[in-house]
Amino acid sequence: MVSGSQPICVIIAAKNASDTIDIAIRSALAEPEVGEVVVIDDGSTDKTSDVAHRADDATARLRVVRFDVNRGPSAARNHAISISSAPLISILDADDFFFRGRFAAMLADDDWDLVADNIAFIQQSFPGASSMQPARFEPQAGFLSLVEFVEGNISRPGVERGETGFLKPVIRRAFLDKHALRYDEALRLGEDYELYVRALAAGARYKVIRHCGYGAIVRGNSLSGRHRTEDLRLLYEADRAILASCRLSPEETAILREHEKHIRAKFELRHFLDAKKESGMGGALSHALSRLPALPAIARGIWSDKTARFRKSPPVRDVRYLLQGTPIS
């Protein structure tokens, strides 16, 4: 059992989150294991900071810092890590929340460097999301290898999204410090994925339990659902940097190369579509001919987009769980 002398710092990077930040903060402060909540207002143009301050429960656990200029989630989280001291770190997105009792289940054992639990993905239209009771699951637990983690971040056509990169682990600060690990501030897409891959490459024990303690609201306009073409390039280059700098097994090398190819294909398609938008079909064709090695990825991407309407999509459910398991009735 992890003792009460090891509190958790909950880090919330927020931009224009005035409509959701109150619920996020209050859900974190409601957990007795939480010793610090650090909110970084990352250059918001709304009342995010004001709403965050009003969520204070007078326990002196909440700290709100505002960046005048948006610096991205990685920079916000790194700054929060640098100004906090709790030995355990938990990331909470500004439009999500914790279910009551989340950390008690996660901290029942201490045989991990990162520990994650199940996530309930809840449609924005679902009423009373923050007060719902999540399904209870059989107490299964296991450890993610680097190969399993990366493989879980390679999406497949027609398969409901369920990337292991969505997991929100509690992380030991001591492990991050020992291996000089922080978020890559160049990344605005896949920054969690990149950090966790480097942690696993450094030998992290990444435990996953089926208990559900994290509620993620599915919104059509969420920041995590939007990214630039440049973000895709930086992400596949991050894979290349890991391949070049980390000591990996042949299996780990192979799966990272597959992920890099997967992201690079998305980049090439987006890059082609950008050229088409800016210069018309003639400009797009010139772009494609100047990047002959990318032609197969562009062609596959266009074919996939054009035939998407003929593929059966998974049903949209009000609530679905990232980790499959046997619910307890």
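This is a predicted model: local features need pLDDT of at least 70, side-chain atom pairs count only at pLDDT 80 or more; totals for chains, interfaces and linings use all residues.
Colleague: What does the chain contain, in helices and strands?

Modeller: There are 10 helices and 12 strands. The chain has 329 residues, and 47% of them count as buried. Of the contacts between residues at least 6 apart in sequence, 82% join residues at least 24 apart.

Colleague: Is glutamate 36 buried or exposed?

Modeller: The cut-off for buried is under 20% relative accessible area. Glutamate 36 has 17% relative accessibility and therefore counts as buried.

Colleague: How do I read the burial of a helix?

Modeller: Start from the geometry. An α-helix has 3.6 residues a turn, so residues three or four places apart point the same way. In helix 1 (residues 21-29), the buried residues are Ile21, Ala24, Ile25, Ser27, Ala28 and Leu29. They pack against strand 1, strand 2, helix 2 (48-54), strand 3 and strand 5.

Colleague: Which residues are buried in helix 3, and what covers them?

Modeller: In helix 3 (residues 73-83), the buried residues are Ser74, Ala75, Ala76, Arg77, Asn78, Ala80 and Ile81. Their cover includes strand 1 (8-14), strand 2, strand 3 (62-67), strand 4 (88-91), helix 6 (173-178) and helix 7.

Colleague: How many residues of helix 7 are buried?

Modeller: The count is 10 of the 11 residues, so helix 7 is largely enclosed by the rest of the structure. Among the buried ones are Glu191, Asp192, Glu194 and Arg198. After helix 7 comes glycine 203, whose phi is positive, near 100°.

Colleague: How is helix 7 placed relative to helix 8?

Modeller: The axes of helix 7 (residues 191-201) and helix 8 (residues 229-245) come within 11 Å and cross at roughly 10°. Angles under 35 degrees count as roughly parallel, and the two helices are therefore roughly parallel to each other. Helix 7 contributes Tyr193, Glu194, Val197 and Arg198 to the contact, and helix 8 contributes Leu235, Ala238, Asp239 and Ile242. By class, this contact has 5 nonpolar, no polar and 3 charged residues.

Colleague: What does threonine 229 touch?

Modeller: Threonine 229 is in helix 8. Leaving aside neighbours within four places in sequence, threonine 229 is in contact with Phe267, Arg270, His271 and Asp274. Threonine 229 is buried, with a relative accessible area of 11%.

Colleague: How should I read a pair of aromatic rings?

Modeller: A pair of aromatic rings is described by the distance of the centres and the angle of the planes. A search of the whole structure finds 10 aromatic pairs. One of them, phenylalanine 98 with tyrosine 214, is edge-to-face, at 5.9 Å centre to centre and 65° between the planes. Phenylalanine 98 is in strand 5 (residues 96-98) and tyrosine 214 in strand 10 (residues 206-218), 116 residues apart, and the pair links distant parts of the chain. Both residues are buried.

Colleague: What is the geometry of phenylalanine 149 and tyrosine 206?

Modeller: Their ring centres are 6.0 Å apart and the planes are at 40°, so this pair is tilted. Phenylalanine 149 lies in helix 5 (residues 146-151) and tyrosine 206 in strand 10, so the pair ties together parts 57 residues apart in sequence. Phenylalanine 149 and tyrosine 206 are both buried. With Tyr193 and Tyr196 they form one aromatic cluster; Tyr193 is also part of the contact of helix 7 with helix 8.

Colleague: Where do charges sit over rings?

Modeller: Two cases can be given. Arginine 71 lies over the face of phenylalanine 67, at 4.3 Å from the ring centre. The charged end of arginine 172 is over the ring of tryptophan 112, 4.0 Å from its centre.

Technical notes
Residues are numbered from 1 along each chain as its sequence is written. Side-chain values use heavy atoms; hydrogens and water are left out. Axes are lines fitted to C-alpha atoms, for helices over the stretch in contact, and angles run from 0 to 180 degrees between N-to-C directions. Helices (H or I, at least four residues) and strands (E, at least two) are DSSP runs, numbered from the N terminus. Angles under 35 degrees count as roughly parallel, over 145 as roughly antiparallel, 65 to 115 as roughly perpendicular and the rest as oblique. Contact means heavy atoms within 4.5 Å. Ala, Val, Leu, Ile, Met, Phe, Trp, Tyr, Cys and Pro count as nonpolar, Asp, Glu, Lys and Arg as charged, and the others, Gly among them, as polar. Rings of Phe, Tyr and Trp (its six-membered ring) pair if their centres lie within 6.5 Å; planes under 30 degrees apart count as stacked, over 60 as edge-to-face and the rest as tilted. Buried means under 20% relative accessible area, exposed over 50%, partly exposed in between (1.4 Å probe, protein chains only). A charge sits over a ring if NZ of Lys or CZ of Arg is within 6 Å of the ring centre and within 35 degrees of the ring normal.
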